[in-house]
Amino acid sequence: MSQPRNKSKANSKNNKSSPTENPVKPTNGAGLGANNQKLDDLAPNVEDSAGEFLSTNQGIRVNDNQNSLKAGDRGPTLIEDFIFREKMTHFDHERIPERVVHARGTAAHGYFQVYESMAEYTRAHFLQDPSLQTPVFVRFSTVVGSRGSTDLARDVRGFAVKFYTQEGNYDLVGNNMPVFFIQDATKFPDLIHAAKPEPHNEMPQAGTAHDTFWDFISLMPESMHMIMWAMSDRAIPRSLRMMEGFGVHTFRFINARGKARFVKFHWKPLLGLHQVVWDEAQKISGKDPDFHRRDLWEAIEDGDFPEWELGVQIVEEKDEHSFPFDLLDATKIIPEELVPVRRIGRLTLNRNVENFFAETEQVAFHTGNIVPGIDFTNDPLLQGRLFSYLDTQLLRLGGPNFHEIPINRPVTPVHNNQRDGFMRQTINRGQTSYDPNSLRGGCPFQAGMDMSGFVSYAEKIDAQKVRQRSASFFDHFSQATLFYRSQSQAEQNHIVRALRFELGKVGTPPIRERMLGLLAQVDTDLANRVATGLGLNVPKKLEKPMNMSVPADADPRKFQPKRNGEELEPSPALRMVDNPNFPLKSIKTRKIAFLVADGFNEASVMDMKMALMKAGAKAMTVAPRLGVLTGAGDETLNADFSFSTGASVLFDAVYVPDGQASVSALQAGPEAVDFLREAYQHCKTIAAHGVGVQLLENAGLGESMADAGLIAARDGDARTLSENFIIGIARHRHWEREVML
Ligand code: HEM
């Protein structure tokens, strides 16, 4: 293994700071998608044992890795055995604490490229030049579960992006939902304590369907907008590649002339927005708890690189107070109908990690990592985050030098007077470690603004020091109502079901009732439907909900939520089904199960497979057994899955090809029929060809059923069949099948 990059940098004469040298080197980004500067930076740290001898950490070659050193072949092990002791000691110390939140995650490398210069709005170097590809590392996560928990928990997904820019690291640490549960960071430990497994019995894992979470939420009406998102299908994405991302807070863009504007960040997935069904999510959690992680990994390995466009909503400073909500309130969105999202660049993930621990686990994102041209606002949630990330990482990564861990270090040089601490890698040359100094000619120098020196935005503040929340934060319901009423019928049904599930798991009746009281203020129909499922009535007299997060001796009436009068028009941009921002109906990378057995009809399999592959989907065979299958004309096919390794919940659609012997074999056991029934129940597209139609009928899914997602061609025309199948899959799901009680 070569030495870390910082060491050679420290020894390089050319690397000295100089007051006349701009650290932003002109970079021609051409080809960086393949030749990524951060990957080059990581390369010297990559170890590869192919063709090498086994050694100790001191580089001594090991002759026997099977036996410890003993006094006689049946004797006690000797303490002298430095090889055994080193190996065991290292193993004993392998674990580090998992993240206190967002512990379960997966990540990949890639790059970001702006479409056109954003110089009018920001001086951030990575947003100037459309030919520049900025390396990124992106980590997706769930929030509540521990590191080994399921990917398919109903939860918010983290969407954290580290840009390795020419001006240092910029982290956009976002989520897949644009709002948050609380308005002030001081409530974060309470929120997380309520959501995590309950402290007395450590149950349940990775879920909010329990008393403490809903107890807290029922007393925090400010969470109601986020609760709508968290109970919606956004919380059970089909794929990490098919979800939006949001910076949540309002940030600032500042241009070279010092003009500031407010900005909200969005990530728009090019594969569209898609979800799974809650029943499906729970089954996937058993069949493949790594479902999302595997999906991302395989897509990148297959060259199907996931892409998102970076969107911005920009608000002039003079318009700060022109909305019926406060831009500093993280429980509010700016509806896209009020301020459109401009798409300014593209993020592509094109390389998996070499090593999960070294990269995904050790990466440290921090909202405080910003570059010149971007700045914070006074959002009280953001302000608290600015403290929390560095603080937690000092513990999680074992000291103050985690910025030197390869995945965390910037691609720009680091020179300062910070020294020492556990595991220091950098060998700082010279006598001085203070500023100002004369012994080293004043180095390292401060950088002027024209040298990419960071200058905080000079916001005017003239205020009293108070523990208060602005009254402009008190409308907790208008946007919750907006979200609910903007959903398609199917998605509203899913929110009702999710709330019935979650509150149904709450054992304390007054908590359920309090929640119904809050839901009634979002939408009475919603509250009534949830109440029906719980066998309760919505309380007749709705108590005015009160945030419990008020000072002990305050007048509670002053803290009561209110509506700011106007009803906001439904926003189609908030739904997943038929969202106008994602008009492209593609089946790219979708996984289609072919149910086959020996005796399948080769043409029926191959024609459909070719058509699907042409449309970018992946055809996979599921058979009664693994191994080689033989077709009616003696051609062979490998079974990718057997019924015990491949379940319907792992696929987007199902096809039953023609072939009498194949269909008879599938009919011999219950698995194929169960597979089809379950796919139907989860509203997936199902197609059958020739005798394959019999299997559909056996599953009770006959040709006579009027269902756009059931496509049967008994007599042959495979071409029309595949065309209709592709149209059906592109609809994602056929929600009209769902029965809502
Ligand atoms: C006051 C509110 C919040 C606090 C105090 C807080 C604190 C934390 C902490 C301590 C971590 C673990 C970091 C680590 O160990 O490296 C974390 C992770 C994370 N937080 Fe927050 N958080 C807050 C709100 C939010 C919000 C509003 C978002 C989304 C905009 C968010 C997104 C994330 C993400 C994506 C991660 C995982 C980063 C990764 O992949 O390593 N957090 N947060």
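Phe126 is buried in this predicted model, with a relative accessible area of 2%, and its ring forms an edge-to-face aromatic pair with that of Phe112.

**Phe112 and Phe126**

- The count of aromatic pairs comes to 26, and in the one formed by Phe112 and Phe126 the centres are 6.0 Å apart, with 65° between the planes.
- Phe112 belongs to strand β1 (residues 105-114), whereas Phe126 sits in the loop between β1 and β2 (134-142), so the pair ties together parts that are 14 residues apart in sequence.

**Trp278 and Phe501**

- The rings of Trp278 and Phe501 have centres 5.1 Å apart and planes at 75°, so this pair is edge-to-face, given that an angle over 60 degrees places a pair in that class.
- Trp278 is found in helix α7 (residues 278-287) and Phe501 in helix α12 (residues 489-504), so the pair ties together parts that are 223 residues apart in sequence.
- Phe501 is partly exposed, because its relative accessible area of 24% falls between the limits of 20% and 50%.

**Arginines over ring faces**

- Arg343 is placed over the face of Phe582, where the distance to the ring centre is 5.9 Å.

**Iron atom of the ligand**

- A single donor from the protein is found for the iron atom of the ligand, namely the OH of Tyr389, which is 1.9 Å away.
- Tyr389, the residue that supplies this donor, is part of helix α10 (residues 380-396).

**Nonpolar surface patch**

- Phe84, Met88 and Phe91 together make a nonpolar surface patch of about 280 Å².
- Met88, one of the residues of this patch, lies in helix α3 (residues 82-92) and counts as partly exposed, with a relative accessibility of 35%.

Note on methods. Residues numbered from 1 in each chain as written. Predicted model: local features only at pLDDT ≥ 70, side-chain atom pairs only at ≥ 80, totals over all residues. Heavy atoms only, no water. Phe/Tyr/Trp six-rings, centres within 6.5 Å; stacked < 30°, edge-to-face > 60°. Helix = DSSP H or I, 4+ residues; strand = E, 2+ residues; numbered from the N terminus. Buried < 20%, exposed > 50% of the residue type's maximum accessible area, 1.4 Å probe, protein only. Lys NZ or Arg CZ within 6 Å of the ring centre and 35° of its normal. Donors = N, O, S within 2.8 Å, 3.2 Å for Na, K, Ca; no water. Patch = residues over 30% accessible without salt bridge, like charges linked within 9 Å, V, L, I, M, F, W, Y side chains within 5 Å. Areas by Shrake-Rupley, 256 points an atom, 1.4 Å probe, with all protein chains shown as cover. Salt bridge = Lys/Arg side-chain N within 4 Å of Asp/Glu carboxyl O.
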